[in-house]
Amino acid sequence: MRDAAEQVGLAADGTEDASARCRSTARVGRSAQAERRAFAGGSTPPPARNGSALTIVSVVALTLLGMGMAVHAREAPADDASERCRNAVEALVRVSACTQVLTGTRDKSKIGQAYNRRGHANAALENYEAAARDFAEVARLNPTVGGYQDNRAKALRLAGRLVEALDAADTAVRLAPGHAFVLRGRAMVHEEMGRLDLAVLDISRGMEIDPRDPGLPADRGRLYAKMIRDEDAIQNFTAALELDPTRTDPLRDRGLAYIRMGRTDAALADLAAYAADHPDDAQIAAVLSIYKQASAPGGRSPLITDTAETGGLP
C-alpha cells in the first residue's frame with residue numbers, strides 16, 4: 001500500500017536539523033560567555049589566586065563538555081529510531097522504530113512521516129485496523145492530500161469496514177480528482193461491495209486520465225469477467241498486454257475467459273505462457289493437466305462442452 005501516498009503526500013525525508021543544532025551550539029556558547037562575564041564582572045578575568053581561576057575555568061569547561069555529551073546521548077537514540085523507521089526491512093522493526101519516533105518528537109513533518117511509514121508496515125503485517133488508524137492520523141495532519149485518504153480507504157477495505165472505506169475513497173477522489181489511482185482505489189471498494197457497474201465506471205474514468213497504465217484495463221477486464229461479459233473482458237486483457245507485454249496476470253484471466261467462450265486453443269496458449277512464469281499456481285496447473293490427459297488418444301478435452309450432444313445440458 002505504499003506507492004500512492006508517498007508520491008503525493010509528505011515531502012522527501014529530511015536530514016539532521018542543522019539550524020536546530022546551530023541554535024543549540026549558540027546557546028551553549030552564550031552560556032559560556034555569561035559564565036566568564038559573571039566571573040570577571042564583564043571584563044577580563046583577574047589574575048589567578050592560588051590557582052582558583054584555573055580551577056573555575058576547568059569546572060566550566062568540564063560542565064560544557066558534559067552538556068554536549070548529554071545532548072548527543074539524547075539525540076543518538078532518536079536518530080537511530082528515525083533511520084530504522086525509514087529503512088528497516090522487517091515490518092515489525094519499522095513499527096517499533098516509528099512508534100519510538102512518535103513518542104520522542106513534536107516535529108509535525110516527522111510525526112506525519114512516522115505515522116505514514118508505520119501505517120505501511122502495519123499493512124504489510126496485515127494489521128489493517130492499526131494501519132487505518134495510522135493513515136487517519138496522517139490524513140488529519142495533511143487534510144488536503146488525497147493519497148493518504150486512499151491509503152486509509154485500502155486499509156479499511158481490507159479490514160472489512162466497507163462503509164468507512166467508501167467514505168475515505170470518496171474523500172480521496174474529491175481531493176485528487178485528476179489522479180487515476182484514487183479512482184482505482186474507490187473502484188476496489190465498490191467491487192468489494194458488489195457494485196460492479198460503479199467499479200467499472202471509476203476504472204473507465206481512470207483510463208481516460210491515464211491511458212498508458214496497463215493495470216487499469218486489466219482491472220476493468222477482471223470486473224467484466226465477474227459480470228460474465230467475457231468478450232469485453234478479453235478486449236481489456238488484450239489492451240493491458242499491448243501496453244505492457246511483460247505482464248502475465250492478464251494472460252491468466254484472458255485464458256479463463258477464452259475457456260468460458262469455448263476457445264480452447266487460445267485459452268491453452270495463454271495459460272501455458274502464464275504457467276511458465278507461475279508454476280506454483282495450482283488452479284492453472286490443474287487445468288493444463290486435465291487438458292493434457294484429455295488430449296491423449298481416446299480422450300476428450302473437458303474445456304469445450306458440446307451442448308448438442310448432451311441435450312442442452314452442460
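This is a predicted model: local features need pLDDT of at least 70, side-chain atom pairs count only at pLDDT 80 or more; totals for chains, interfaces and linings use all residues.

Biologist: Which residues make the contact?

Modeller: From α9, they include Leu 183, Ala 187 and His 190. From α10, they include Leu 198, Ile 203 and Gly 206. The residues of this contact divide into eight nonpolar, two polar and five charged.

Biologist: Next, disulfides. What is a disulfide?

Modeller: A disulfide is a covalent bond between the sulfur atoms of two cysteines. To find one in a model, look for a pair of cysteine sulfur atoms within 2.5 Å. By this rule the count here is one disulfide. Cys 85 and Cys 98 form it, with their sulfur atoms 2.0 Å apart.

Biologist: Where in the chain do Cys 85 and Cys 98 lie?

Modeller: Cys 85 is in helix α3 (residues 52-87) and Cys 98 is in helix α4 (residues 91-104). The two are 13 residues apart.

Biologist: Why is the disulfide of Cys 85 and Cys 98 called right-handed?

Modeller: Look at the torsion about the S-S bond. For this pair it is about 95°, so the disulfide is right-handed.

Biologist: Is Cys 85 buried or exposed?

Modeller: Buried means under 20% relative accessible area. Cys 85 has 3%, so Cys 85 is buried. Cys 98 has 0% relative accessibility, so Cys 98 counts as buried too.

Biologist: Now a loop residue. Where is Arg 161?

Modeller: Arg 161 sits in the loop between α7 (146-158) and α8 (162-175). Its relative accessible area is 27%, so Arg 161 is partly exposed.

Biologist: Which residues does Arg 161 contact, leaving aside neighbours within four places in sequence?

Modeller: Arg 161 is in contact with Glu 129 and Leu 156. Glu 129 is 32 residues from Arg 161 along the chain, and their C-alpha atoms are separated by 9.2 Å.

Biologist: Last, confidence. What pLDDT does the chain average?

Modeller: The chain averages a pLDDT of 80, and 70% of the residues score at least 70. Over residues 69-76 the pLDDT is below 50, and this stretch has zero contacts in the model beyond near neighbours in sequence. Residues 306-314 also stay under 50. For that stretch, the model has six contacts beyond four places in sequence.

Terms used
Residues are numbered from 1 along each chain as its sequence is written. Side-chain values use heavy atoms; hydrogens and water are left out. Contact means heavy atoms within 4.5 Å. Helices (H or I, at least four residues) and strands (E, at least two) are DSSP runs, numbered from the N terminus. Ala, Val, Leu, Ile, Met, Phe, Trp, Tyr, Cys and Pro count as nonpolar, Asp, Glu, Lys and Arg as charged, and the others, Gly among them, as polar. Buried means under 20% relative accessible area, exposed over 50%, partly exposed in between (1.4 Å probe, protein chains only). pLDDT is the predictor's confidence in each residue, from 0 to 100.
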